[in-house]
Amino acid sequence: MQYERPAGELVPLVALHRLVPTNSGDSDENHLQLLIAPDAALRAMRQYCGSICIDAEQRIIAVSAPRGNLIAFWDLATTDYLTSVKVLDSSGIAPAEEPGSFVATSGNGEIVIVDSISQTATPIHQQFPDGNVGSWDNHLVVASIH
């Protein structure tokens, strides 16, 4: 999410939507759960998220925060905030093959593999046909051919 109020106001920026069974069993209810992060993490995100995804094993949530130059991580089962990794102008994010790892793009043309466990961002060296670096927005899907 994003929050367009004074910078000093810290609010949760990430939420999960779940369907929760009702007591009657007739239908499910919509449930929105805000994910809590430490004040320092919220401050670093600078009130704006760009993209969100879950890793290949459905265990880690990754959220890009381009204004804060980082990607933040939560545990999907416990909803606990885990950590963040610096990625300049982080934009798109998609699950990589390894558990807890993600492919991320940035507005400055970088593509990186971000690992929530080792807390690293490793560049993928790419070469565009015209030699330009280019830039990426927050829309990213990883397609693999086996």
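Q47 lies in the loop between α1 and β3 (51-54), where helices (H or I, at least four residues) and strands (E, at least two) are DSSP runs numbered from the N terminus. The model is predicted, local features need pLDDT of at least 70, side-chain atom pairs count only at pLDDT 80 or more, and totals for chains, interfaces and linings use all residues. Residues are numbered from 1 along each chain as its sequence is written, and side-chain values use heavy atoms, with hydrogens and water left out.

The phi angle of Q47 is near 65°, a positive value in a residue other than glycine. Q47 counts as buried because its relative accessibility is 12%; buried denotes under 20% relative accessible area, exposed over 50%, and partly exposed the range in between (1.4 Å probe, protein chains only). A positive phi, of about 60°, is also found at Q58, which is not a glycine. Q58 is located in the loop between β3 and β4. With a relative accessible area of 51%, Q58 is exposed.

In soluble globular proteins, nonpolar side chains tend to be buried together. A nonpolar core is taken here as a set of buried Ala, Val, Leu, Ile, Met, Phe, Trp, Tyr and Cys residues joined through side-chain atoms within 4.5 Å. The largest such core comprises 16 residues, and V14, M45, I61, V63 and W74 have the most contacts inside it. At least two residues of this core are supplied by each of β1 (14-21), α1 (39-45), β4 (60-65) and β5 (70-75). Another core, of 12 residues, lies apart from it and has I71, V87, V112 and V114 among its members.

Strands of a sheet pair through backbone hydrogen bonds, either parallel or antiparallel. In the present analysis, two strands pair if DSSP finds at least two bridges between them. Four strands form an open sheet in the order β7-β8-β9-β10, with antiparallel pairing. β7 (90-95) and β10 (120-123) are the edge strands, each pairing on one side only. From one strand to the next, the twist averages 30°, with axes fitted as lines to C-alpha atoms (for helices over the stretch in contact) and angles running from 0 to 180 degrees between N-to-C directions.

Within this sheet, the antiparallel strands β8 (residues 101-106) and β9 (residues 111-115) are joined by 5 bridges. F102 stands opposite V114 in β9, and V114 is one of the residues of the 12-residue core. T105 lies in strand β8 and is buried, with a relative accessible area of 2%. Neighbours within four places in sequence aside, T105 is in contact (heavy atoms within 4.5 Å) with D89, S90, S91, G92, E110, I111, W136, D137 and L140.
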